[in-house]
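Have a go at each task before reading its solution.

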Amino acid sequence: MWRNILRRVALACLLVVAASAVTFGLVTAAPGNVAALIAERAAGPGADAEMIKKIGNELGLYDPLPVRYGRWLLSAVTGDFGVSLRTGKPISEEFASRLPMTGALLAGGGVLAFVLSLGLGLAGAISNGGPTDRLLHGFSLIGASTPNFFVAALLVILFSVMLGWVPTFGVSGFTSWLLPWVTVALFPASVLSRVVRVNLQEVMSRPFATTGFAKGYTRTNVLVREALPNIAVPFLTTFGAQFTLMMIGAIVVETVFALRGIGAFFIDAIRFRDFVGMQAVLLLFVVFFVFVNLAFDIICVFADPRLRRTRG
């Protein structure tokens with residue numbers, strides 16, 4: 001088992017390196033000259049070709065692409081992501097000030113999505129084709145089909161503008177997190193609730209569920225005691241994938257609710273053509289996607305003895 005886990009960690013590291021190389025190549029190939037941007041911001045319209053060439057040589061922009069990539073990756077591993085072209089601050093400082101905001105958004109949204117998906121899926125399975133099941137099915141389809149920015153706008157209009165229950169934007173207390181959490185959690189909760197519902201329906205047709213009914217258990221007892229533990233692996237696997245996608249939703253949510261997180265920094269970097277900032281954020285996204293899925297994969301191995309026997 002441990003050998004398989006170490007092998008997966010090694011593969012995850014290789015995947016990060018490969019994805020970072022693709023990311024670096026795509027950002028480097030984007031239109032625009034970093035040296036020209038820096039020269040224009042330093043000297044204004046008076047920047048000449050000689051100044052641009054000098055800045056390019058200092059930054060190593062004329063070196064071969066593999067050399068530039070290796071230098072950038074080595075610096076990133078040591079925590080040096082460069083200096084933001086937009087703010088002039090080290091990107092590591094920007095990350096240090098913005099990561100807690102994004103972390104709080106993802107943590108709260110993840111917990112909400114986890115609880116809602118289990119609750120909605122279990123309620124639908126208990127109803128089993130009844131009105132509650134059909135109503136929750138429709139709600140899940142709507143939640144999985146509605147864009148984050150539209151959900152955010154509706155929530156702001158209803159609960160902030162019309163009712164005045166929560167702040168419109170910014171962070172001023174616990175209530176100011178409610179709308180961002182609901183917005184970022186709605187899509188994954190809707191998808192996961194269908195995963196729970198479908199898997200519970202499949203598990204309920206197995207012999208151990210029939211044995212539970214023969215013992216006199218109600219449908220709710222069989223679902224909670226027998227069926228729910230048996231869908232842990234598919235649920236956790238799907239939850240890990242949806243949790244990583246919440247990072248993409250966080251970009252929209254942070255922009256709408258004026259949260260100074262990594263997503264907002266990424267949007268500003270794109271808007272101001274901050275190539276250094278874009279590369280750093282994309283590398284952070286790649287690391288987040290790969291290692292979150294790796295963590296949930298390892299959790300599934302420890303949660304299900306059958307996986308330990310098979311992979312051992």
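**Exercise 1.** Which residues in α12 meet which residues in α13?

*Solution.* Before starting, note that this is a predicted model, in which local features need pLDDT of at least 70 and side-chain atom pairs count only at pLDDT 80 or more, while totals for chains, interfaces and linings use all residues. Residues are numbered from 1 along each chain as its sequence is written, and side-chain values use heavy atoms, with hydrogens and water left out.

Step 1: locate the helices, which are DSSP runs of H or I with at least four residues, numbered from the N terminus (strands are runs of E with at least two). Helix α12 covers residues 262-271 and helix α13 covers residues 275-303.

Step 2: look for contacts, meaning heavy atoms within 4.5 Å. From α12 come Ile262, Phe265, Phe266, Ala269 and Ile270; from α13 come Gly277, Met278, Val281, Leu282, Leu284 and Phe285.

Step 3: consider the spacing. An α-helix has 3.6 residues a turn, so residues three or four places apart point the same way.

**Exercise 2.** Describe how α12 and α13 pack, at what angle and with their axes how far apart.

Step 1: The angle is about 145 degrees, and the axes of α12 and α13 are 9 Å apart.

**Exercise 3.** How many of the ten residues of α12 are buried, and what covers them?

*Solution.* Step 1: apply the cut-offs, with buried under 20% relative accessible area, exposed over 50% and partly exposed in between (1.4 Å probe, protein chains only).

Step 1: count. Seven of the ten residues in α12 are buried, namely Ile262, Gly263, Ala264, Phe265, Phe266, Asp268 and Ala269.

Step 2: find the cover. It includes α5 (91-127), α11 (232-256) and α13.

Step 3: look past the end of α12, where Arg273 follows with a positive phi near 55 degrees.

**Exercise 4.** Asp133 and Met162: is each one buried or exposed?

*Solution.* Asp133 lies in helix α6 (residues 131-145), and Met162 in helix α7 (residues 148-162).

Step 1: compare with the cut-offs. Asp133 is buried because its relative accessible area is 9%, whereas Met162 counts as exposed because its relative accessibility is 61%.

Step 2: check the surroundings of Asp133. Apart from neighbours within four places in sequence, Asp133 is in contact with Gly124, Ser127, Asn128 and Arg197.

Methods
Axes fitted to C-alpha atoms, helices over the stretch in contact; angles between N-to-C directions.
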